[in-house]
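User: I want to learn how to read a metal site and a sheet. Can you take me through both?

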Amino acid sequence: MLRVVVLGAAAGGGVPQWNCGCPVCRKARTEHPELQSTQASIAVSADGDHWFLINASPDLRQQLIATPQLHPKAGELRHSPISGVILTNGEVDAVAGLLSMREGWPFTIYAHERVLAILRDNSIFNVLNEKNVQRRPIEINAAFEPTLPGGSPSGIEILPFAVPGKGAWYLEGKVHPGGTDGAGDTLGLRVSDKATGKYFYFLAACAGVTDDLKARLAGASLVFFDGTVWRDDELIAAGLGTKTGQGMGHIAMSGDTGAIESLAGLDIDRKVFLHINNSNPALLHASPERKMVERAGWQIPADGTEITL
Ligand SMILES: [Zn+2]
């Protein structure tokens with residue numbers, strides 16, 4: 001059985017974002033604390049004892065405190081159920097949490113060579129001593145089985161695949177330490193339980209849905225999908241920023257080419273939005289946008305939501 005815990009569902013900045021006075025952030029600080037959400041990451045386990053994080057958000061420390069499944073085992077002086085971290089991109093909201101895992105517990109980081117190059121290029125990540133924390137390259141379209149401490153198999157198979165996206169923001173206009181070939185900057189993952197064959201998809205960043213991607217996702221029992229913005233120009237329209245969703249490498253929820261329309265009719269049992277920006281009106285429970293999300297069969301998860309497959 002695969003167990004999946006949503007550690008956080010928000011995009012970079014979280015809800016509320018430290019410097020934001022938009023309607024969602026204001027409500028999250030005051031009369032609607034239930035709107036608060038940490039930055040996107042999930043944890044997955046096949047045996048319930050050993051867990052893998054998919055992305056390590058800047059809110060990781062808070063997420064681990066809030067998630068009993070990831071607490072140290074009773075009676076152990078030093079322990080963590082976390083066996084590894086799989087990174088799908090090199091954005092701050094996917095990698096900064098690694099810095100909260102520097103206290104000597106052994107685990108493995110799995111990432112595409114382009115993301116590993118970013119970690120190598122930023123010496124602060126050397127706090128993760130390579131004696132304890134191995135870094136293993138993963139490749140597009142090459143399935144791998146992350147291992148447990150000691151090297152035994154985890155029972156989880158992960159297939160990384162390329163999705164339309166953008167490189168990390170902070171490298172825009174700069175020399176990428178991984179070179180000029182952008183393939184591998186944004187990965188989607190198919191995560192399977194080897195014992196049961198059940199699987200789900202994880203795409204926290206995706207700039208568009210191609211026919212190939214539709215064919216891949218069709219019939220899945222669970223898909224986590226990019227829900228950054230409701231409409232492409234929402235940050236500009238709200239006076240919050242100058243970038244469009246597309247400019248940031250993210251598809252909109254709404255519209256003819258948006259996520260809701262693109263994934264409709266693909267016979268997906270459970271569709272869950274992740275990486276939702278605080279500007280997105282679908283976060284507000286009573287909003288017309290939220291009703292449209294729910295009517296279309298999508299879910300916006302609360303932090304800590306556990307799903308089993
Ligand atoms: Zn805000």
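Analyst: We start with the ground rules, then the metal site, then the sheet.
This is a predicted model: local features need pLDDT of at least 70, side-chain atom pairs count only at pLDDT 80 or more, and totals for chains, interfaces and linings use all residues. Residues are numbered from 1 along each chain as its sequence is written, and side-chain values use heavy atoms, leaving out hydrogens and water.

User: Which residues are the protein donors of the zinc ion?

Analyst: Donors are N, O and S atoms within 2.8 Å of the metal (3.2 Å for Na, K and Ca); water is not among the atoms, so sites may look incomplete. Here they are Cys20 (SG), Cys22 (SG), Cys25 (SG) and Asn278 (OD1), lying 2.3 Å from the zinc ion.

User: What is the geometry of the site of the zinc ion?

Analyst: Four donors count as tetrahedral if all angles lie between 85 and 135 degrees. The ideal is 109.5 degrees. The angles here are 104 to 115°, so the site is tetrahedral.

User: How are the donor residues spaced in sequence?

Analyst: The pattern is C-x1-C-x2-C-x252-N. Cys20 sits in the loop between β1 (3-8) and α1 (23-29), Asn278 in the loop between β11 (270-274) and α8 (288-295), so the pair ties together parts 258 residues apart in sequence. Helices (H or I, at least four residues) and strands (E, at least two) are DSSP runs, numbered from the N terminus.

User: In what order do the seven strands of the open sheet run?

Analyst: Strands pair if DSSP finds at least two bridges between them. The order is β6-β5-β4-β3-β2-β1-β13, with mixed pairing. The edge strands are β6 (133-138) and β13 (306-308).

Key: Four donors count as tetrahedral if all angles lie between 85 and 135 degrees; four count as square planar and six as octahedral if opposite donors are over 155 degrees apart and all others between 65 and 115; anything else is irregular.
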